[in-house]
Amino acid sequence: MRPPVIPSLYEVFAARLRKRCSPCRRRLIAQGVLWVCILSSTASLAAAQGATDVNERFRQATAAMREGHLDEAHEGFAAIVKETPTFAEAHLNLGLVLQEQNRFDEAAASLQKALVLKPKLRGANLFLGVALFRLNQLDKAVAAVQKETAAYPKDPAAWMWLGVVRLAQEKPEEAAEALDKAAKLAPDDLDILYHRGHAHLLVSKNSYGRMFKVDSRSWRVHQVIAQANAEADRHVDAVAEYQAAIKLAPTQPGLHEELGSEYRNLGKMQEAGDAFVCELEIDPNNVLAKYKLGVLMVEKGDGAKGKELIEAALREQPDLLHVDYNLGRAEMLLGNDAAAAQRLERATSAPGSDPEVVQQAWYQLGIVYRRLHRLGDAQKAMATFQKLKDEESDEAQKTLKRYEAQRNPNTAQPPPSPQNPQ
């Protein structure tokens with residue numbers, strides 16, 4: 001005789017459980033989760049237990065969980081496991097009710113009983129790990145969740161929880177490994193992505209901290225500080241740190257390219273160009289340095305040199321960002337308007353493009369179309385450009401209003417509208 005089978009519904013309640021994960025608050029089980037996992041084939045139950053009233057009592061306990069009547073549900077499932085002590089799924093459900101009641105010691109005992117009866121009962125080890133986590137028994141929690149990942153290696157919830165417990169153990173490397181596996185199984189799960197990012201952030205922090213301890217005067221340390229400044233838009237400080245790194249390691253590949261990017265962010269085009277040239281002297285195969293120097297040449301009006309460099313980089317790396325736009329601008333400088341139009345048309349729909357680049361592609365298309373005497377297309381291109389600019393302005397206005405509302409929640413006056421940039 002077989003008891004009811006629950007695993008077909010496991011994905012539902014496991015997904016809900018993932019979204020209730022909060023290591024800092026340790027709130028791990030959600031209201032509304034448990035009733036999903038206690039659903040089962042009540043007809044099978046009645047046949048398995050040979051008792052006509054078990055079916056009805058199981059249904060009543062299920063209904064009680066749905067309505068949030070935890071005491072009633074607890075009483076119902078407790079009676080069922082007392083009457084049929086070998087019913088593993090009933091012990092699992094009772095354990096989940098006890099978890100919802102914050103009775104974690106009792107929940108762990110009930111879940112352990114379920115596992116004695118059926119060692120690979122899906123979800124039992126996972127929820128046992130959750131209960132032990134709430135009891136701050138982290139080593140035991142890891143052991144339980146690891147059994148779940150071993151039995152069900154394609155379950156992202158189990159891998160996520162292993163990562164969460166590892167984070168609580170202050171073992172970010174192990175946490176990152178588990179959360180990477182969870183992310184491969186559920187790449188768009190926001191909770192997994194959050195915990196994975198947190199784990200990798202801690203790994204990076206520990207790694208950099210170790211660097212400082214090993215040699216605080218290393219060029220690598222200056223490079224790390226420069227990169228941090230660049231990400232924070234402190235470009236002057238980033239330049240100073242890259243210069244310090246280059247002084248210690250003047251022929252290290254990559255440093256001059258990164259320095260050139262920071263000079264460009266500061267509008268120092270000559271210094272940026274010199275840095276890219278130095279990089280290519282050190283590493284002629286640096287595709288990004290070649291591409292960035294080519295774009296810089298286009299911006300300085302040298303279409304021939306810019307096109308040569310960009311196309312050389314493109315042959316080595318076909319997926320360069322905004323390459324159609326930059327080659328389109330180079331063709332415009334060379335007077336190759338038909339070729340420019342083809343490039344710019346592709347730039348307006350290139351995946352991953354910056355909205356500002358798309359806007360400028362439409363603007364440049366309008367100019368090229370006029371040169372080609374395609375006046376209707378030129379008018380449409382300029383209209384699209386203006387539409388995108390207006391949408392950008394509207395979004396900026398909405399953002400400003402939200403900011404003003406948060407800063408001055410009691411004011412009734414709307415903020416002034418930003419001017420539409422020309």
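This is a predicted model: local features need pLDDT of at least 70, side-chain atom pairs count only at pLDDT 80 or more; totals for chains, interfaces and linings use all residues.
Close-up 1. Let's start with Asp324, which counts as buried because its relative accessibility is 15%, under the 20% limit. Asp324 forms a salt bridge with Arg346, and the closest N and O atoms of the two are 3.4 Å apart. Asp324 lies in helix α19 and Arg346 in helix α20 (residues 337-347), so this pair ties together parts that are 22 residues apart in sequence. Arg346, at 42% relative accessibility, counts as partly exposed. Arg343 belongs to the picture too: salt bridges with shared partners join Asp324, Arg343 and Arg346 into one network.

**Close-up 2. Glu331 meets Lys307.** Here is another salt bridge, formed by the side chains of Glu331 and Lys307, with an N to O distance of 3.1 Å. Because Glu331 sits in helix α19 and Lys307 in helix α18 (residues 303-316), the pair ties together parts that are 24 residues apart in sequence. Are these two residues buried or exposed? Both Glu331 and Lys307 are buried.

**Close-up 3. Glu89 pairs with Lys118.** Side chains of opposite charge can pair when their charged atoms come close. In the salt bridge between Glu89 and Lys118, the closest N and O atoms are 2.8 Å apart. The pair links distant parts of the chain, 29 residues apart: Glu89 is in helix α6 (residues 88-100), while Lys118 is in the loop between α7 (104-117) and α8 (124-134). Glu89 is buried, at 3% relative accessibility, whereas Lys118 is partly exposed, with a relative accessible area of 31%. Looking beyond this view, the count for the model comes to 14 salt bridges.

**Close-up 4. The largest pocket and its lining.** This pocket has a volume of about 590 Å³, and 18 residues line it. Which residues lie nearest its centre? They are Arg264, Val295, Glu299, His322 and Asn326. Four helices, α15 (255-265), α17 (287-299), α19 (323-333) and α21, each supply at least two residues of the lining. Of the contributors, α17 gives the most, with six residues. Sorted by class, the lining has eight nonpolar, four polar and six charged residues.

**Close-up 5. Gln364 and the residues it touches.** Why does Gln364 count as buried? Its relative accessible area is 9%, and buried means under 20%. Leaving out residues up to four places away in sequence, Gln364 touches Tyr325, Arg329, Met332 and Leu344.

Note on methods:
Residues are numbered from 1 along each chain as its sequence is written. Side-chain values use heavy atoms; hydrogens and water are left out. Buried means under 20% relative accessible area, exposed over 50%, partly exposed in between (1.4 Å probe, protein chains only). Contact means heavy atoms within 4.5 Å. On a 1 Å grid over the protein atoms alone, a cavity is a set of points where a 1.4 Å probe fits but cannot get out, and a pocket is an open set with protein on both sides within 12 Å along at least five of seven lines; lining residues have an atom within 4 Å of a point. Grid points are joined across faces, edges and corners, and a volume is the space filled by probe spheres set on the points. Ala, Val, Leu, Ile, Met, Phe, Trp, Tyr, Cys and Pro count as nonpolar, Asp, Glu, Lys and Arg as charged, and the others, Gly among them, as polar. A salt bridge is a side-chain nitrogen of Lys or Arg within 4 Å of a carboxyl oxygen of Asp or Glu.
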